[in-house]
Amino acid sequence: MIAWKVAKHDPASCQAFVDSPAFRALKTTTIGPIRMDVMVESIEIGWRFPSESSGGLRRNGRGQDRAKKLLLNNSRFSRYRRIRASLGQVLKEEGDHNFRYLLTADELAQLLGADASEVRGSFDARHLIPLGGHKKGVGPAAVRQYLSRLGFPYTFKVIAHINMRGGIGKTTSTITAATRACQYGFKACIIDLDPQGSSSLALDMLPGEEDPIFYDVWQNPGEMTMGSIRKIQEHLYILPSSLENALLDASLINPSSQKRAVHGVCDVLKTHGFDAVFIDCPPSLGIAVISTICAADIIVIPVHSDAFSFKGLELTLKEIDSICETFGLQRPLIRILYTKFDRREKIAAEGLRRLTSEYGAYFIPKVIRTSTDFSQGLARKKTIFASFKKSQAKEDYDYYVRHILGLEWFADGR
Ligand SMILES: Nc1ncnc2c1ncn2[C@@H]1O[C@H](COP(=O)(O)OP(=O)(O)O)[C@@H](O)[C@H]1O
Ligand SMILES: [Mg+2]
């Protein structure tokens, strides 16, 4: 008998369990009575395992069938969250003025190259939210209506941040871009695919016991409702992540599931009225990342000046090509974003030269400079766009967001 105790919410111990032979035995072959026994009697998971059904599993066949179904659905640990995914109630948007991320009327005027008082004057007073001083904020829905009337097309986009190198700004870029997109009126959803849940943590949205994660919804995305994802504010949602997303590599075995998994969830989000989906990927080229490549309209590869991130860039580009070839897909738009740029470093200027000469076609011409604003934002569980003060960090990411969302349309004279 193999006994495992997994401490509640202890990532190291959960990972040890996932890496263990007992777990491999469970997830590999057909489920026979021995495997059932292993599952029911020998493995005690202090979290999310439907333990009250265990007695039933051993006592009668019906219970066993149910357990078998659970196992075959790869949803051993997440039954409750799956139920919530399908029964989640629809959240109401109207009357919700609990904003963390608002565009100021001045910023909107700056986007349009228009006079600030004219822009403020074109809004009904009830749409202008006082922000202290003379500043007024405009809610995302009102911004969307305003820009749509000017002819801006809010076409649906899936934007993924991928690089197998860690620590180079995938998570920062995902959450910063999503919050800015929301301010520009996009109804945005973040899909956190990193089992470490960095995006979820950074936005104070780690999943609770009952909150579904991607692992719970990919098989039946049609069952997702607005209640299956967590609301941060009007026009800003997240499908958070937890350690169980590490099981995706084991459950997305067949190629057609890989092709469809992320795509299916994004399609459903589109039917719920979302304009932009931002995906934060783990630092690997695992199955979840392959599935993301199949779904993305735009792949952003953040890079830093060190050799590892250049290696990561090369491998990611190769992987994108090979996946598109294998699945017969059109290549998504690829963009390279230079992050954490520190002009005092000699290596930074060399990196910039290399990126412009070797990857000029993909390279976003404005870099993201290094700034302490990001770590301060992390400590407050907000992105830099929650602040109304001008900053270099906001300026850099604002350019990036306008670039990937096509908001340069306004500067280009429409
Ligand atoms: N432009 C930047 N300037 C300074 N620190 C940054 C910048 N971008 C990201 N960071 C910090 O670098 C660390 C790693 O970034 P993160 O976005 O988590 O990378 P990844 O998701 O690729 O692992 C975080 O602590 C983040 O706050
Ligand atoms: Mg990350």
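1. The strands β6 and β10 (residues 276–280) pair in the parallel sense, and five bridges link them; here a strand is a DSSP run of E with at least two residues, numbered from the N terminus, and two strands count as paired if DSSP finds at least two bridges between them. One of these contacts can be followed in the structure, where K157 has A276 of β10 as its bridge partner.

2. Before reading further, please keep in mind that this is a predicted model, in which local features need pLDDT of at least 70 and side-chain atom pairs count only at pLDDT 80 or more, whereas totals for chains, interfaces and linings use all residues. Residues are numbered from 1 along each chain as its sequence is written, while chains are lettered from A and ligands numbered from 1 in the order in which they are written.

3. Strand β6 (residues 157–161) also pairs with strand β11 (residues 298–303), again in the parallel sense, through three bridges, and in β11 the partner of H161 is V300.

4. How many of the five residues of β6 are buried? Five of its five residues are buried, a word that applies if 20 or more other C-beta atoms lie within 10 Å of a residue's own, with exposed meaning 12 or fewer, partly exposed the range in between, and the C-beta atoms placed from the backbone. In a regular strand the side chains alternate between the two faces of the sheet. In β6, K157, I159 and H161 lie on one side and V158 and A160 on the other, and both faces are covered.

5. Strand β9 (residues 236–239) runs parallel to strand β7 (residues 188–192), to which four bridges join it, and C189 stands opposite Y237. Strand β8, by contrast, runs antiparallel to β9 and is joined to it by three bridges, with K231 having Y237 as its bridge partner. Two residues lie between the strands in the hairpin of β8 and β9, where H235 takes a positive phi near 70 degrees. From β9, L236 and I238 point one way and Y237 and L239 the other, and all of them are buried.

6. I232 is buried because 24 other C-beta atoms lie within 10 Å. Leaving out residues up to four places away in sequence, I232 touches R100, L203, M205, Y237 and I238, where contact means that the C-beta atoms, placed from the backbone, lie within 7 Å. The C-alpha atoms of I232 and N98 are 9.2 Å apart, although 134 residues separate them along the chain.

Definitions and conventions: Two residues are in contact if their C-beta atoms, placed from the backbone, lie within 7 Å.
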